Amino acid sequence: MTNNGAQPIEKVSIIISRGSLEGVYPGLIMANGARMEGIEASIFFTFFGLDAIIKKRMNNLKVATVGNPAMHMPTLLGALPGMSAFATLMMKKEIEKIDIPPVGEFLTMIHDAGGEIFGCRASVDMFHLKPTDFCEEVDGIISVGQFYEKAAGGQIIFT
Amino acid sequence: METMTIAGKALQLDADGNLANHNDWNEEVARELGVQEGIPELTTQHWAVINFMRSVFEKEGDAPSIRRLTKESGVDTKTLYQLFPKGPAKRAARIAGLPKPKGCI
């Protein structure tokens, strides 16, 4: 082990606050990777991040082609109709190539691995969402206070 | 390089404590590594995972992803984590006599 004697991480609580494809995947990969290492993991979906646990939307997330300098695409080009859909298709292909599952399957995988999945109470109220809007992997809609209680003793990662 | 006596033989280990040479591995070595990882007895399902990991490694030079493991070995995700509660990726690879998997998934 090359951790120089540092205390290993035993628990992570990951916050996913964005609803674009590139905003959701990093948190899912971090959570799944934690479980693979035997680290306790939970994910808290807040604001537009909720799209990733809404049944009708979770498998239709899009890559943002505007306002994303790392796409190396001029803003006006990125704004053309169909550009986001095209970029999303390309990225999904690359994601599948490295054996990363689609969002829905990924959530099932993380949940089956013992990872917990929560939605943010304030965001659910703000967007007028119902419990039936969410995928079955969701363990609960909780307040920020409950989130902190659950995160006790671990690391919090905001994405 | 560190060595450890496993199943009566002094075997070389890599920096992660996994076997340095996967050809040193046999079922007795696996059982002893299993005990070290907190698994007193390897069941048929443990062996299914271990053998699948070894067969992929021999063909491709790296252990399979968890997703592929659960799709192709016949052991589902929930069971996999019950079999290797401290983390299937690292622990199963170590018991299978393989280096730590390189992939993130």
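Me: Which residue of β5(A) does A:Val12 stand opposite?
Reply: In this predicted model, A:Val12 faces A:Gln155.

Me: What makes β1 and β5 of chain A a pair?
Reply: Two strands pair if DSSP finds at least two bridges between them. Strand β1 (residues 11-16) and β5(A) share four bridges. That meets the cut-off, so they count as paired. The sense of the pairing is parallel.

Me: Where does β1(A) sit in the sheet order?
Reply: The order is β4-β3-β2-β1-β5, all in chain A. Strand β1 lies between β2 and β5. The sheet is open, has five strands and pairs in parallel.

Me: Why are β4 and β5 of chain A called edge strands?
Reply: Each of them, β4 (140-142) and β5 (155-158), pairs on one side only. From one strand to the next, the twist averages 25 degrees.

Me: Why is A:Ile14 called buried?
Reply: Count its neighbours. A:Ile14 has 23 other C-beta atoms within 10 Å. The cut-off for buried is 20 or more. A:Ile14 passes, so it is buried. This residue lies in strand β1 of chain A.

Me: What does A:Ile14 touch beyond four places away in sequence?
Reply: A:Gly27, A:Met30, A:Ala31, A:Ala41, A:Ile43, A:Ile157 and A:Thr159. Take A:Ile157: this residue is 143 residues from A:Ile14 along the chain, yet their C-alpha atoms are separated by 4.7 Å.

Me: How many contacts in chain A with a separation of 6 or more join residues 24 or more positions apart?
Reply: They account for 72%.

Me: How do you know whether the radius of gyration of chain A agrees with a compact globule?
Reply: Set the value against the rule. For 159 residues, a compact globule would have a radius of gyration near 15 Å. Chain A has 17 Å, which agrees. The C-alpha trace spans about 50 × 45 × 25 Å along its principal axes. Of the 159 residues, 31% are buried.

Me: What pattern does chain A follow along the sequence?
Reply: It reads β-α-β-α-α-α-β-α-β-α-β. That is six helices and five strands.

Me: Which residues touch the most other members of the largest nonpolar core?
Reply: A:Ile43, A:Phe45, A:Ala52, A:Ile53, B:Met53, B:Ala92 and B:Ala96. The core has 57 residues. Helix α1 (residues 21-36) of chain A gives the most to this core, with six residues.

Me: What does B:Ala92 touch beyond four places away in sequence?
Reply: B:Val49, B:Ile50, B:Met53 and B:Phe84.

Me: How many residues of chain A are in contact with chain B?
Reply: There are 15, and they meet 16 residues of chain B. On the chain A side, α1 and α4 (103-112) each supply at least two residues. Helix α1(A) gives the most, with four. By kind, the chain A side has seven nonpolar, five polar and three charged residues.

Me: What makes β1 and β2 of chain B a pair?
Reply: Again the cut-off is at least two bridges. Four bridges join β1 (residues 3-6) to β2 (residues 9-12), and the two strands run antiparallel. B:Ile6 stands opposite B:Lys9 in β2(B).

Me: How many residues lie between β1(B) and β2(B) in their hairpin?
Reply: Two residues lie between the strands. In the turn, B:Ala7 has a positive phi of about 50 degrees.

Conventions. Residues numbered from 1 in each chain as written. Chains lettered and ligands numbered in written order. Predicted model: local features only at pLDDT ≥ 70, side-chain atom pairs only at ≥ 80, totals over all residues. Core = buried A, V, L, I, M, F, W, Y, C linked by C-beta atoms within 7 Å. Buried ≥ 20, exposed ≤ 12 C-beta atoms within 10 Å, placed from the backbone. Contact = placed C-beta atoms within 7 Å. Axes fitted to C-alpha atoms, helices over the stretch in contact; angles between N-to-C directions. Nonpolar A, V, L, I, M, F, W, Y, C, P; charged D, E, K, R; others polar. Rg over C-alpha atoms; globule rule 2.2 N^0.38 Å.
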